[in-house]
Amino acid sequence: CSPGWAKRTNASRRACLVARYGDIYAQERLEAETLLRTYISDMEMVQRIIYIAAVESFRAAKKAYRQFKIRVRETLSLGHSEPESLEDNVLDYIVRHEDLYDVQASVNEVIRSMNINPVISFPPEIDFIVISTLIRELCRVAFSMQTLTPPLDTAFGADGELFSESKYYRSFDSDFTAAFVAYHVWPALMENDIVIAKGEAVTKR
């Protein structure tokens with residue numbers, strides 16, 4: 001692959017990753033929801049758990065990407081004499097070697113973060129590892145999204161925020177006259193400050 005290959009394939013990779021994010025929402029998310037429902041009867045808690053898993057997966061993958069990029073830059077800079085194209089070479093290397101990303105380390109980090117999150121509770125005999133398939137897929141797609149120019153990320157969401165039609169779909173059990181978000185079901189996907197894929201939220205009075 002010639003230098004700049006990652007940038008030339010940016011549009012096609014972006015389209016694939018956005019589609020994959022939608023697939024995870026439609027498939028792995030629902031599978032995780034079904035799995036959690038066997039342990040937790042409270043649907044709101046189940047949805048909060050999945051939302052937090054998604055947000056934490058992006059956080060862990062972004063951290064892993066930054067560390068991975070530093071290591072690659074340090075290695076490639078040793079034999080590099082053209083600083084203006086070093087970043088292109090670093091990006092090309094990461095895109096071609098995404099299989100070197102230690103996704104399991106990120107999954108473990110997400111589960112640790114969830115275990116100490118005060119918003120979500122889980123029966124003590126069960127571990128968040130039961131939804132590790134969802135977490136793994138989210139970490140993978142989040143890591144790959146960091147190789148895009150510009151990178152994609154999840155929108156910040158807070159309980160009680162003003163509901164945004166441009167950012168979220170309302171869940172079917174929402175109060176459609178309510179103006180504020182009670183809790184989030186799935187994060188919106190953002191490119192800088194532009195919504196690329198809507199998330200899902202519950203609105204209640």
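This is a predicted model: local features need pLDDT of at least 70, side-chain atom pairs count only at pLDDT 80 or more; totals for chains, interfaces and linings use all residues.
A residue counts as buried when its relative accessible area is under 20%, and at 1% relative accessibility Tyr21 therefore falls in that class.

**Aromatic rings**

- The structure contains 6 aromatic pairs.
- A pair of aromatic rings is described by two quantities, the distance of the centres and the angle of the planes.
- Which residues do ring pairs link into a cluster? They are Tyr21, Tyr25, Phe58 and Trp186.
- Elsewhere, Arg170 sits over the face of Phe163, at 4.2 Å from the ring centre.

**Nonpolar cores**

- The largest nonpolar core has 50 residues, and the members touching the most others are Ile49, Met114 and Ile135.
- Helices H2 (10–26), H3 (28–37), H4 (43–77), H5 (83–96), H6 (103–115) and H7 (132–145) are the elements that each give two or more residues to this core.
- Which helix gives the most to this core? That is H4, with 15 residues.
- Because domain 1 (5–152) and domain 2 (155–204) both supply residues, this core lies between them.
- There is also a second, separate core of 7 residues, with Phe163, Tyr168, Ala188 and Ala201 among them.
- Ala60 is part of helix H4, and its relative accessible area of 1% makes it buried.
- Computed along the sequence, Ala60 and Val107 are 47 residues apart, yet their C-alpha atoms are 8.0 Å apart in space.

**Cysteines**

- How many disulfides does a search of the whole structure find? The count is 0.
- For Cys139, the closest cysteine sulfur is that of Cys16, at 20 Å, which is too far for a bond; a disulfide needs the two sulfur atoms within 2.5 Å.
- Is Cys16 buried or exposed? Cys16 is exposed, with a relative accessible area of 55%, whereas Cys139 is buried, at 0%.

- Strand E4 (residues 189–191) and strand E5 (residues 194–197) run antiparallel and are joined by 3 bridges.
- Across the two strands, Glu191 stands opposite Ile194 in E5.
- E4 and E5 make a hairpin with 2 residues between them.
- Asn192 is in the loop between E4 and E5, and it is exposed at 59% relative accessibility.

**Backbone details to check**

- Most residues other than glycine have a negative phi, and most peptide bonds are trans.
- Asn192 has a positive phi of about 55°, although it is not a glycine.
- Which peptide bond is cis, with omega near -5°? It is the one from Thr149 to Pro150.
- Pro150 is located in the loop between H7 and strand E1 (152–154).

Methods:
Residues are numbered from 1 along each chain as its sequence is written. Side-chain values use heavy atoms; hydrogens and water are left out. A nonpolar core is a set of buried Ala, Val, Leu, Ile, Met, Phe, Trp, Tyr and Cys residues joined through side-chain atoms within 4.5 Å. Buried means under 20% relative accessible area, exposed over 50%, partly exposed in between (1.4 Å probe, protein chains only). Helices (H or I, at least four residues) and strands (E, at least two) are DSSP runs, numbered from the N terminus. Domain bounds come from an automatic or database domain assignment. Two strands pair if DSSP finds at least two bridges between them. Rings of Phe, Tyr and Trp (its six-membered ring) pair if their centres lie within 6.5 Å; planes under 30 degrees apart count as stacked, over 60 as edge-to-face and the rest as tilted. A charge sits over a ring if NZ of Lys or CZ of Arg is within 6 Å of the ring centre and within 35 degrees of the ring normal.
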